[in-house]
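Please look over the chain shown here before reading on.

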Amino acid sequence: MRYQEAADYLGIAKGTLANWVSQRIGPRSIKIGSMRLFRQEDLDVFIEEKLFETERFEKRRRRQRGRGALVLTCPHPDLFLFSVLALALAVFIFTVS
């Protein structure tokens, strides 16, 4: 297949495929003279690799979900807040002295 046929097969723009090939991140291809050709088997392998890569990324993202925030549970939030403020005040007084 030529560029346009391969791009249509992959569902992307011809320019995107050309960029991928020039950056060596696209599907395998061969160049004969000034013409670049793609085999359907190589395009299928490229699609499978991208699917696997996407699935791996999604699994990693799902595993990391919820790890961004530190959640503290306290039966007496007022006492906790007072303790934090008292500690901050003590640190401030210690550093100023």
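A residue counts as buried when its relative accessible area is under 20%, and as exposed when that value is over 50%. In this predicted model, 10% of the 97 residues of the chain count as buried.

**Overall make-up**
- The secondary structure of the chain consists of four helices and two strands, and from the N terminus on these elements follow the order α-α-β-β-α-α.

**Helix α1**
- Helix α1 spans residues 3–10, and within this helix Ala-6, Ala-7 and Leu-10 are buried.
- These three residues lie on the same side of α1, because they cover an arc of only 100° around the axis.
- In general, an α-helix has 3.6 residues a turn, so residues three or four places apart point the same way.
- After α1 comes Gly-11, whose phi is positive, with a value near 80°.

- Leu-89, Phe-92, Ile-93 and Val-96 make a nonpolar surface patch of about 420 Å².
- Phe-92, one of the residues of this patch, is found in helix α4, which covers residues 77–96.
- With a relative accessible area of 53%, Phe-92 is exposed, whereas Leu-10 in helix α1 is buried.

Key. Residues are numbered from 1 along each chain as its sequence is written. This is a predicted model: local features need pLDDT of at least 70, side-chain atom pairs count only at pLDDT 80 or more; totals for chains, interfaces and linings use all residues. Side-chain values use heavy atoms; hydrogens and water are left out. Buried means under 20% relative accessible area, exposed over 50%, partly exposed in between (1.4 Å probe, protein chains only). The arc is that of the directions from the helix axis to the C-beta atoms. Patches are made of residues with over 30% relative accessible area and no salt bridge: like charges are joined within 9 Å, nonpolar side chains (Val, Leu, Ile, Met, Phe, Trp, Tyr) within 5 Å. Accessible areas come from the Shrake-Rupley method with a 1.4 Å probe; for residues, only the protein chains shown count as cover. A salt bridge is a side-chain nitrogen of Lys or Arg within 4 Å of a carboxyl oxygen of Asp or Glu.
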